[in-house]
Amino acid sequence: MKKSFLLFLFGIAFSLTSFAQQTVVKGSVLDGTTGEPIPDVTITIEETGQTLKTDAKGEFSFTQNVPLGEQVLKIEKVGYVTKRYPIIVNEGQTVDISGMTLDFDTSDKNDLFIISISDDNLNGEDDGITDNISGLLQASRDVFLNAAAFDFSATFFRPRGLDNANGKVLINGVEMNKQFNGRPQWGNWGGLNDVQRNQEFSMGMSANDYNFGDLAGTNNIMMRASKYRRGGRISYASANRTFQGRVMASYSSGLLEGGWSYSVLGSRRFGEEGFRDGTLYDANSFFVAVEKQINDKHSLNFTGIYAQNRRGRSTAITDEIFRLKGRRYNPWWGIQNGEQRNSRIREIDEPILMLNHYWDISSKIKLNTNVAYQFGEIANTRIDNGGTRLYEDDNGEFVFLGGARNPDPTYYQLLPSYALRNPDPTPNDYQDAFELQQDFLENGQMPWDSFYETNLRPSNVDGNSTYVIQADVVRDQQFTFNTILDAELADNIRLNAALNYRTLKSENFARIEDLLGGTGYLDVDFFADEQDNAIDDEVAGNLAQSDLRNPNRIAGEGDRYKYNYEMNADVINAFAQAQFKYNKVDFYVAGSISQTSYQRVGLYENGFFAGGGNDGSFGESDQLDFTNYGVKAGFTYKVTGKHLIDFNGSYFTKAPPIRNAFSNARQTNATVIGLESEKIQSADLSYIFRSPIVKARVTGFYSGFQDGSDIGFYFTEDIAGLGVEQDAFVQEILTNIERRHIGVELGIEAQVTPTIKLKGAASVGQYTFQNNPNLYLTSVDFLNRQGVDREVTFGDGTTQLDGYHVPGGPERAFQIGFEYRDPDFWYIGATSNFFSNAYIDVSNLARSANFSSDFDGNAFNDYDPDVARGLLQQEQFDDYMLVNLIGGKSWKINDYIFGFFATVNNVFNEEYITGGFEQSRLANFRRMREDQSRPNGPLFGPRYFFGNGTTYYLNVYVRF
């Protein structure tokens with residue numbers, strides 16, 4: 001017994017001696033205003049680059065391989081001003097620096113940035129800006145990525161040539177990317193700026209604790225009640241870019257007695273128009289998070305988000321229209337009863353409900369389990385000018401009468417160039433051109449009154465509308481479950497793993513929003529009556545039916561019509577990752593596997609695609625299944641604490657999004673021919689320098705893509721090989737797309753004085769197609785034509801894109817700038833940003849064998865390769881420079897902080913093009929040569945997206 005007791009005392013003494021000899025740096029971080037602990041603050045020992053994060057109590061502790069002597073601790077968190085604390089570490093001693101403070105960053109650049117990205121991405125694909133990935137970057141403190149997020153984003157610059165389908169956005173660990181197109185719908189959480197400040201970002205394919213990630217990085221927005229600092233904020237913003245005004249109020253309780261915490265927010269954004277004419281803005285957002293800490297190991301959090309948004313859209317315009325009307329012109333609105341009315345309204349109404357369980361199994365093992373449910377709809381309106389009535393002629397046969405010309409004010413026959421289209425215009429032609437010009441200048445907007453007059457004309461005895469407002473509606477119900485493991489296997493080894501399941505039921509249909517004075521709409525395709533291939537009127541009548549099971553139906557306001565189908569999708573994936581940290585090197589390895597399935601269920605039997613199965617339109621399509629996997633690895637080699645080498649490499653496959661899986665989902669069950677999962681490889685190598693004065697990173701990157709796919713929809717007049725001249729509305733399907741993205745990016749900043757910071761950034765890339773993808777067209781205009789397949793190809797079935805640049809913003813961007821922060825809590829900053837090497841989106845059809853072939857399929861006898869080369873040369877947009885300013889001031893009065901900040905973008909009102917596309921209406925050698933050689937401009941020239949002029953944003957706020 002005595003011997004055992006002596007051994008016990010010896011063990012205690014040995015343990016105490018060992019502990020006493022351990023070198024430890026520990027401390028805590030508090031909010032400089034409220035004095036409350038701040039969780040998830042990044043603490044870095046600058047000499048060695050060792051990092052960790054504060055826990056829920058704001059505490060941290062370095063216990064392994066702590067460097068001795070004079071050291072500097074850097075403490076940083078997005079939304080706070082970074083600070084550095086000098087310390088002296090002696091061997092075998094504990095350095096306790098509890099009570100360090102971080103002050104809230106009064107510049108609120110993130111507030112501005114979240115507004116810009118979420119609002120811009122509400123426009124939709126037709127506006128050419130939904131692929132902006134900069135929203136992923138706002139949580140990064142990397143110098144280059146900050147430039148990309150806050151200054152380059154206005155030009156829709158895409159870092160490394162990637163769009164936002166190449167990145168992941170999570171909320172509380174739950175993926176938010178849409179299964180339809182793979183992109184996050186920023187509008188689903190727009191207007192919630194105050195509760196989006198807690199974010200974790202991992203760059204590119206680097207290690208991520210929540211999922212496998214993607215090339216553009218992963219951003220996890222933490223909307224957990226207990227993670228918000230206690231206090232409230234009320235703000236008002238005025239702007240002229242997207243909305244005109246915004247009011248927002250939020251309050252977070254912090255941790256209360258009994259383990260409860262909550263956070264609430266409400267905001268409203270409004271405006272008759274932004275920088276573009278007629279782009280109304282009407283949005284309301286609400287947020288609530290409630291958390292209960294059940295005990296030391298379990299916590300349960302509920303998050304609810306409702307961000308309703310209604311916004312008027314704009315579109316690309318030709319150079320002729322730009323010269324006549326300017327860059328603010330938007331054809332989609334007009335005056336009705338003295339008020340602006342936009343025909344193209346995008347409305348988002350998709351609440352998100354989420355329940356998160358946090359389980360600290362032990363001090364080293366944590367399990368986070370989440371369930372989420374998102375429901376609601378996205379609706380995009382437009383004018384439908386195909387309304388008809390059923391007429392019985394003298395022979396007792398029924399025909400469809402009605403329809404109207406395209407109501408678009410920019411329709412080519414309404415522009416001056418149309419009157420001057422012939423080689424030698426006459427005086428009458430010039431007179432007609434002048435009258436068209438004056439009418440366009442004086443009017444040039446949607447003629448709402450004429451729509452009502454047409455629908456109410458006396459000849460329309462049955463009251464059917466010719467014009468109606470159609471909404472294309474996507475109504476989703478998505479359930480998500482995932483569980484995320486974080487286990488510390490040893491002091492230097494961590495295991496991350498996750499299992500995710502998502503199931504989606506998506507209803508897709510057209511809906512009549514407004515009959516514009518009429519009493520109903522005959523639900524048929526008026527243009528089916530024009531089919532040359534119709535055997536007789538009865539066949540034409542059947543082809544015209546949107547739903548053969550309910551023919552000649554009269555639809556009213558709120559009714560579904562034209563198309564109606566469901567899309568079902570299921571995705572399950574698993575991910576595992578191991579992270580290792582050593583004195584000189586940190587490295588990780590990770591892998592993932594997933595299974596994806598899609599199936600269309602037709603609810604209408606379309607007249608052009610009668611029956612079921614993959615060739616029909618009613619009932620279930622074939623089920624598409626994709627099995628995918630990925631591997632990645634990377635390391636950081638610490639040459640010294642100031643000099644680091646970082647490498648990331650990956651190979652993975654991705655299922656195509658739903659959008660690219662069905663050739664014409666609105667009318668048929670047909671799936672895309674030759675559809676494969678996309679194969680992606682990537683590698684990046686970085687040199688990183690960091691000191692108390694200078695931070696810099698230079699990175700070389702490579703990404704390769706194979707078996708990509710895309711689908712486009714357009715009207716064309718030039719289709720070869722059909723035997724007759726034929727125009728058609730077509731679906732253009734591309735598969736087997738190969739791309740290569742290579743380049744270098746640089747970011748550097750220098751804190752030259754305690755108040756002045758200089759910064760610079762640069763990106764030089766080349767993003768090109770590496771092969772000739774497969775191309776085929778489908779169209780209802782091809783059906784039943786003798787000798788013509790449902791799918792039409794040209795020549796060898798490819799489009800000659802090899803060597804062309806991938807469109808999507810400038811490939812080169814450069815920045816220099818400065819920031820001045822006065823100790824008296826005011827600051828100013830300026831950046832000068834230069835952009836070049838942006839390219840137009842070329843017509844794929846014009847690069848196929850269709851270009852050199854006549855309607856009978858034979859080659860043009862006057863085809864000139866040199867002339868053709870000039871016609872098909874890819875347009876490079878002009879270079880441009882933008883200067884941006886930012887500044888602000890804050891005051892502390894008792895327990896309140898009052899402040900404002902303002903930005904001015906494009907100070908010198910530079911005119912520039914952010915993107916554009918060639919029209920495919922004319923897509924053969926003769927027609928393009930004729931159109932481009934017209935002395936008064938082409939009829940079907942490229943359409944361009946123009947950047948904003950001088951815009952401002954002013955925000956005033958009070959925090960308490």
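Here are some questions and answers about this predicted model.

Residues are numbered from 1 along each chain as its sequence is written, and side-chain values use heavy atoms, leaving out hydrogens and water. Since the model is predicted, local features need pLDDT of at least 70 and side-chain atom pairs count only at pLDDT 80 or more, while totals for chains, interfaces and linings use all residues.

User: What average pLDDT does the protein chain have?
Analyst: pLDDT is the predictor's confidence in each residue, from 0 to 100. In this chain, 91% of the residues score at least 70. Over residues 1-20, though, pLDDT stays under 50. The chain average is 90.

User: How are the rings of Tyr228 and Phe287 arranged as an aromatic pair?
Analyst: Rings of Phe, Tyr and Trp (its six-membered ring) pair if their centres lie within 6.5 Å; planes under 30 degrees apart are stacked, over 60 edge-to-face, and the rest tilted. For Tyr228 and Phe287, the centres are 6.2 Å apart and the planes make 85°. That makes the pair edge-to-face.

User: How many residues apart in sequence are the parts that Tyr228 and Phe287 tie together?
Analyst: Helices (H or I, at least four residues) and strands (E, at least two) are DSSP runs, numbered from the N terminus. Tyr228 lies in the loop between β11 (218-221) and β12 (231-239), and Phe287 is in strand β15 (residues 281-293). So the pair ties together parts whose separation in sequence is 59 residues.

User: Is Phe945 buried or exposed?
Analyst: Buried means under 20% relative accessible area, exposed over 50%, and partly exposed in between (1.4 Å probe, protein chains only). Its ring partner Phe917 has 29% relative accessibility, so Phe917 counts as partly exposed. Phe945 has a relative accessible area of 13%, so Phe945 is buried.

User: Which ring does the charged end of Arg560 sit over?
Analyst: A charge sits over a ring if NZ of Lys or CZ of Arg is within 6 Å of the ring centre and within 35 degrees of the ring normal. For Arg560, the distance to the ring centre is 3.7 Å. The ring belongs to Phe509.

User: What arc do the buried residues of α6 cover around the axis?
Analyst: Helix α6 spans residues 427-442, and its buried residues are Asp429, Ala433 and Phe440.

How values were computed
Contact means heavy atoms within 4.5 Å. The expected span of a helix is 1.5 Å times one less than its number of residues.
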